[in-house]
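User: I'd like to learn how to read a few features of a structure, one at a time. Could you walk me through them?

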Amino acid sequence: MKFRIDKKYLAWGLTAFCVAAASMLFYYLLFHMGNIKSAFGAAVKICMPIIDGLVIAYLLSPVVNYLEHHVFFPLCKKTNIRLSIKNKRRIRLGTSLITLCLMLLLVYWFCVMIIPQLIESIQNIILQLPTYINNLSSWLEGIFEQNKELSVFVNNIIVQYSGQIEEVTTNKLIPQLNEIVQSISSTVFSSVLNVLLMAWNFFIGLIIALYLLLSKELFAGQGKKIIYALFEESSANAAIKNIRFVNSTFGGFISGKIVDSLIIGMLCFIGMTLLNLPYPLLISVIIGVTNIIPFFGPFIGAIPSTILILMVNPLQALYFLIFVFVLQQFDGNILGPKILGDKTGLSSFWVIFAITLFGGYWGFLGMAIGVPVFAVLYAAWKAFINRSLNKKGLSTDTQEYLNLSEIKNNEYIELPPPKVNGFKKSKKEKTKDVEE
């Protein structure tokens with residue numbers, strides 16, 4: 001007798017197995033999250049050269065494309081050189097090597113020209129710190145002499161909290177000094193090892209980035225091939241369209257923000273040099289780096305810079321505040337929109353929300369990339385909502401829902417007009433208020 005497998009019972013068995021396996025996986029994820037995090041961290045650490053290569057190739061890809069389509073391809077047409085596949089590969093190799101060399105020259109210039117001056121500025125700050133504190137103290141004493149009420153208020157606060165400050169100093173700060181001193185040597189040693197490891201990962205990442213730049217069309221074609229193999233035609237087309245949107249939103253914002261921050265940093269250095277403000281290079285680097293963070297970046301960079309200049313000369317700190325305010329107005333109203341345009345499509349509220357959320361999880365990196373990441377998630381959610389409304393035959397225009405009371409049989413019923421002094425506004429008065 002031939003044995004036959006009942007498909008119904010086989011499906012039940014597979015379903016029961018999948019449910020049991022999913023339950024076990026959920027239990028493990030719930031009660032062994034620490035092991036998962038450590039395993040994920042170890043995997044990221046191992047793959048860091050690959051991650052560095054992917055990041056480098058992604059950031060340099062627009063430069064390679066620009067050199068190809070605006071320099072070498074027109075040059076080949078002018079010189080009557082046929083753009084065969086072989087010649088295109090040679091051009092791609094040349095543009096990739098030129099781009100990597102430009103990046104290495106920029107890194108070398110930063111290390112040789114800027115880092116020593118930054119170290120010198122920090123050393124000067126440490127050496128001149130007592131003088132700066134005396135200048136600040138003299139300035140504050142002059143303010144207190146002119147305003148006796150403010151002096152009495154500050155003295156009362158000092159007297160009120162002096163006991164608590166002394167207790168913290170004697171019981172917590174001093175006992176921890178020995179531990180801090182002991183940990184400095186191990187921290188320095190680990191820092192040197194981390195720098196060497198980062199340099200090695202960066203070197204391997206450059207090699208990986210070169211291979212990625214040379215074969216980026218091949219990798220893109222392989223990715224499309226896999227998508228069309230796994231999904232239906234309509235779903236695959238939608239997936240590729242979404243990937244292009246993610247690339248344009250994320251890549252355009254990051255590259256544009258980097259260019260914008262470089263320009264702002266250079267303008268800050270030029271302006272501070274012309275105004276003869278102290279530590280122009282150090283403060284310009286701070287302003288340029290923090291400017292990568294949307295919305296909060298100018299404040300994060302301006303506050304410590306102002307405090308630093310305030311210790312040197314309070315009047316120059318005021319000049320610096322005015323200069324930074326003008327510079328940020330120029331960036332926010334002219335330079336930023338010119339470079340970035342409307343890459344994210346997010347309102348100010350969602351920008352603040354994204355920076356706060358991702359900054360809380362990933363720190364500075366989260367604050368820098370949180371806005372484009374949230375913009376992609378926001379666009380995906382918006383597309384899902386609009387698609388659901390279209391299936392129900394409802395409008396996707398938000399303005400239609402502002403004064404909506406309810407929908408009956410696809411008919412939009414608005415809220416009743418507000419009462420004014422006990423009387424309802426007429427339709428004519430309501431139209432007049434809207435026009436005003």
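User: Let's start with salt bridges. Which side chain does arginine 92 meet in a salt bridge at 2.3 Å, N to O?

Analyst: Keep in mind that this is a predicted model. The general idea is to look for a side-chain nitrogen of Lys or Arg within 4 Å of a carboxyl oxygen of Asp or Glu. Here arginine 92 meets the side chain of glutamate 68, at 2.3 Å from N to O. Arginine 92 belongs to helix H4 and glutamate 68 to helix H3, so the pair ties together parts that are 24 residues apart in sequence.

User: Are these two residues buried or exposed?

Analyst: Buried means under 20% relative accessible area. Arginine 92 has 8%, so it counts as buried, and glutamate 68, at 3%, is buried as well.

User: What other salt bridge does arginine 92 form?

Analyst: Arginine 92 also pairs with glutamate 217, with the closest N and O atoms 2.7 Å apart. This pair links distant parts of the chain, 125 residues apart: arginine 92 is in helix H4, and glutamate 217 is in helix H7 (residues 216–230). Glutamate 217 is partly exposed, with a relative accessible area of 46%. Taken as a group, Glu68, Arg92 and Glu217 are linked in a network of salt bridges.

User: How many salt bridges are there by this rule?

Analyst: The count comes to 3. One of them joins lysine 257 and aspartate 260, whose closest N and O atoms are 4.0 Å apart. Both residues sit in helix H8, 3 residues apart, which is about one turn of the helix. Lysine 257 and aspartate 260 are both buried.

User: Now the surface. Which residues make the nonpolar patch of about 580 Å²?

Analyst: For a patch, look for nonpolar side chains with over 30% relative accessible area, joined within 5 Å. Here the patch is made by Ile51, Val55, Tyr58, Leu59, Ile258, Leu262 and Met266. Helices H3 (48–78) and H8 (233–274) each supply at least two of its residues, and H3 gives the most, with 4. Isoleucine 51, for example, lies in helix H3 and is partly exposed at 33% relative accessible area.

User: Last one: how do I read a helix crossing? At what angle do H4 and H9 cross?

Analyst: Compare the N-to-C directions of the two axes. The axes of H4 (residues 85–127) and H9 (residues 280–290) come within 8 Å and cross at roughly 110°. That makes H4 roughly perpendicular to H9, and their crossing is left-handed.

Key. Residues are numbered from 1 along each chain as its sequence is written. This is a predicted model: local features need pLDDT of at least 70, side-chain atom pairs count only at pLDDT 80 or more; totals for chains, interfaces and linings use all residues. Side-chain values use heavy atoms; hydrogens and water are left out. Patches are made of residues with over 30% relative accessible area and no salt bridge: like charges are joined within 9 Å, nonpolar side chains (Val, Leu, Ile, Met, Phe, Trp, Tyr) within 5 Å. Accessible areas come from the Shrake-Rupley method with a 1.4 Å probe; for residues, only the protein chains shown count as cover. Buried means under 20% relative accessible area, exposed over 50%, partly exposed in between (1.4 Å probe, protein chains only). Axes are lines fitted to C-alpha atoms, for helices over the stretch in contact, and angles run from 0 to 180 degrees between N-to-C directions. Angles under 35 degrees count as roughly parallel, over 145 as roughly antiparallel, 65 to 115 as roughly perpendicular and the rest as oblique. A crossing is left-handed if the near helix is turned anticlockwise from the far one by less than a right angle, and right-handed if clockwise.
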